[in-house]
Amino acid sequence: FIIPMQPHFNNHPNASPQARSCFDIVATRNNTTVTIVPSKPLIGHPALDTFSIVLNRGQTWEGRAISEDALMHPGGTFVFSDKPIAITVTEDQLQVPNLAVSDSSFDIVGDQLIPRERCGKTYFAQLGSCGMPAGGRIFVYAFEDTTAIDTAGSYAATLNRGEVFEFFLNTPTGATINVTFLEADKSVFVYGVG
């Protein structure tokens, strides 16, 4: 698995209980060894310090960001397992400026993840209905070095392992695109916000 997260919107600093971005791993079988390579520090674990945990069926472990700062969210973290697991990612109480009448609104973003072997090379990205400023944001994460990304038939970027490419579902004039086509030459994970 690769953990997707957005790097723009902070978690609300005054939420109670404390809001953080995190991912939860659930084992489906006993004696499951899970190895985690955090891209950013997690509570109890520094960035890039590979560590392993052992879970039994139904047990859960949470990787939680150490800060509400969006740049400290652990997007790009890799998770490996010797048996099937489930992972859910949550970004709690994100501060989204100008989403509503007030100066900012707060929302939760999250998803159930799919493992690398289920990820593909071709995607259709569709705009959600939350009305995020500048249209929806799409984040494309690479599993391998030199992964080429095309959007709507045009070259967009080349990514290395763990890197992310972001694009918006809008045009240079600000018009919203409801659906766009995305293709990569290697499997990628696509995560949408908005």
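The model is predicted.

Start with strand β1, which spans residues 21–27. Is it covered or open? β1 is mostly covered, with six of its seven residues buried. Its partner is β4, and the two run antiparallel over five bridges. Strand β4 itself covers residues 60–64.

Now move to an open sheet. Three strands make it up, in the order β3-β2-β5, and the pairing is antiparallel. The edges belong to β3, residues 51–55, and β5, residues 78–81. Each of these edge strands pairs on one side only. From one strand to the next, the twist averages 25°. Look at β2, residues 32–37, beside β3. Five antiparallel bridges join β2 and β3. T32 faces L55 of β3 across this pairing.

Within it, Y141 has F189 of β14 as its bridge partner. Keep Y141 in mind, for it returns with the pockets.

Next come the salt bridges. How many are there? The count comes to three.

Take R20 and E68 to begin with. Their side chains meet in a salt bridge at 3.0 Å, N to O. This pair links distant parts of the chain, 48 residues apart. R20 sits in the segment before β1, while E68 sits in the loop between β4 and β5. Their surroundings can be read from their accessibility. R20 has 8% relative accessibility, so it counts as buried, because the limit for buried is under 20%. E68, at 24%, counts as partly exposed.

R64 and E62 form another salt bridge, with 2.9 Å from N to O. Both lie within the span of β4, residues 60–64. R64 counts as partly exposed at 26% relative accessibility. E62 counts as partly exposed too, at 31%.

E144 and R116 make a further salt bridge, and their closest N and O atoms are 2.6 Å apart. E144 lies in the loop between β9 and β10, and R116 in the loop between β7 and β8, so the pair ties together parts that are 28 residues apart in sequence. Here β10 is residues 147–151, β7 is 104–112 and β8 is 122–126. Relative accessibility is 32% for E144, which counts as partly exposed. R116, at 34%, counts as partly exposed as well.

R116 leads on to the pockets. Rolling a probe the size of a water molecule over the atoms shows where empty space is left. The largest pocket has a volume of about 280 Å³. How many residues line it? The lining has 18 residues, and those nearest the centre are F1, V79, P115, R116 and E117. β5 and β6, the latter at residues 85–97, each supply at least two lining residues. β5 gives the most, with four residues. By class, the lining has twelve nonpolar, two polar and four charged residues.

The second largest pocket has a volume of about 190 Å³. It is lined by 14 residues, and P7, K40, H73, G75 and Y141 are the closest to its centre. Y141 is the residue from the sheet above, partnered there with F189 in β14. What classes make up this lining? It holds seven nonpolar, six polar and one charged residues.

Definitions and conventions
Residues are numbered from 1 along each chain as its sequence is written. This is a predicted model: local features need pLDDT of at least 70, side-chain atom pairs count only at pLDDT 80 or more; totals for chains, interfaces and linings use all residues. Side-chain values use heavy atoms; hydrogens and water are left out. Two strands pair if DSSP finds at least two bridges between them. Axes are lines fitted to C-alpha atoms, for helices over the stretch in contact, and angles run from 0 to 180 degrees between N-to-C directions. On a 1 Å grid over the protein atoms alone, a cavity is a set of points where a 1.4 Å probe fits but cannot get out, and a pocket is an open set with protein on both sides within 12 Å along at least five of seven lines; lining residues have an atom within 4 Å of a point. Grid points are joined across faces, edges and corners, and a volume is the space filled by probe spheres set on the points. Ala, Val, Leu, Ile, Met, Phe, Trp, Tyr, Cys and Pro count as nonpolar, Asp, Glu, Lys and Arg as charged, and the others, Gly among them, as polar. A salt bridge is a side-chain nitrogen of Lys or Arg within 4 Å of a carboxyl oxygen of Asp or Glu. Buried means under 20% relative accessible area, exposed over 50%, partly exposed in between (1.4 Å probe, protein chains only).
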